[in-house]
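Take a look at the protein model below. We will walk through a few of its side chains, step by step.

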Amino acid sequence: MNVDATSLNFFENMYRHNDDPWQFASSAYELGRYDAIMDALGRRQYRMAFEPGCSIGVLTERLAMQCDCVVASDLSPTAVRIAKERCSHLAHVRILCAPVTEDLRVDDIDLLVLSEIGYYFDREQWRIVAQGLIENVSTSGTILASHWLGHSDDHLQSGDSVHEMLLTIDGLALDQSERHPGFRLDRWRKL
């Protein structure tokens, strides 16, 4: 799957006009969502986490507290620069400038965090991308997804649709599902 120039231009323009266009570092909603994600991970220490579509690295920085190594990515060079600055004090965090595709590879991860990215794909694209990313998760690894449940003109599907498609992927056992005001959070274990 190719990421078209329209997608790259859309996100890059957003970050060039505002370092935090979705207020990931400041909104009570986002900070509460990150708290819920960290609570859902429990106190487990992860060996290798991957966070595709990391934006400016706010969640990445928090994931680093529970992971021996974190790899994160975003397709916007400006977002990646900001995320690298945010996480520069964390030697075990690596941030890549790369689009989220089914070919995006980070081998042998035991935590995959899919946060606020699924609705930028149509349902079939999301199925292909998600399956490709999940292939990199080791047996008994954790897949956690969290998506906003509102509507935006730049979304190709709803947050619920994103999670419902993930529920159809073979080889995953759903072990936690939560609905919060404005967002959904689901956690799976890879069989």
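Is Tyr119 buried or exposed? Tyr119 counts as buried, because its relative accessibility is 3% and buried means under 20%. Keep in mind that this is a predicted model.

Now look at Tyr120. Its relative accessible area is 22%, so Tyr120 is partly exposed. The two tyrosines also form a ring pair. A pair of aromatic rings is described by the distance of the centres and the angle of the planes. For Tyr119 and Tyr120, the centres are 5.5 Å apart and the planes sit at 70°. Planes over 60 degrees apart count as edge-to-face, so this is the label for the pair of Tyr119 and Tyr120.

Move on to Phe10 and Phe11. They too form an edge-to-face pair, with 4.9 Å from centre to centre and 80° between the planes. How exposed is each partner? Phe10 has 30% relative accessibility, so Phe10 counts as partly exposed. Phe11 has a relative accessible area of 13%, so Phe11 is buried.

These pairs belong to a wider picture. The structure holds eight aromatic pairs. Ring pairs link Phe10, Phe11, Tyr15, Trp22, Phe24, Tyr119 and Tyr120 into a cluster. Find these residues in the model and trace the links from ring to ring.

Next, the cysteines. How many disulfides does the structure hold? The count is zero. Start with Cys87, which is in no disulfide. The nearest cysteine sulfur to that of Cys87 belongs to Cys54 and is 7.6 Å away. A disulfide needs two cysteine sulfur atoms within 2.5 Å. Cys87 is also buried, with a relative accessible area of 3%.

Cys97 has 45% relative accessibility, so Cys97 counts as partly exposed.

Finish at Asp153. Where does Asp153 lie? Asp153 is in the loop between strand 5 (137-148) and helix 6 (159-166). Its relative accessibility is 75%, so Asp153 counts as exposed, because exposed means over 50%. The side chain of Asp153 makes a polar contact with the side chain of His151, at 3.5 Å. Now compare Asp153 with Ser76. The two residues are 77 residues apart along the chain, and their C-alpha atoms are separated by 20 Å.

Key
Residues numbered from 1 in each chain as written. Heavy atoms only, no water. Buried < 20%, exposed > 50% of the residue type's maximum accessible area, 1.4 Å probe, protein only. Phe/Tyr/Trp six-rings, centres within 6.5 Å; stacked < 30°, edge-to-face > 60°. Helix = DSSP H or I, 4+ residues; strand = E, 2+ residues; numbered from the N terminus. Polar contact = N/O pair within 3.5 Å; in protein donor to acceptor, adjacent residues only side chain to side chain.
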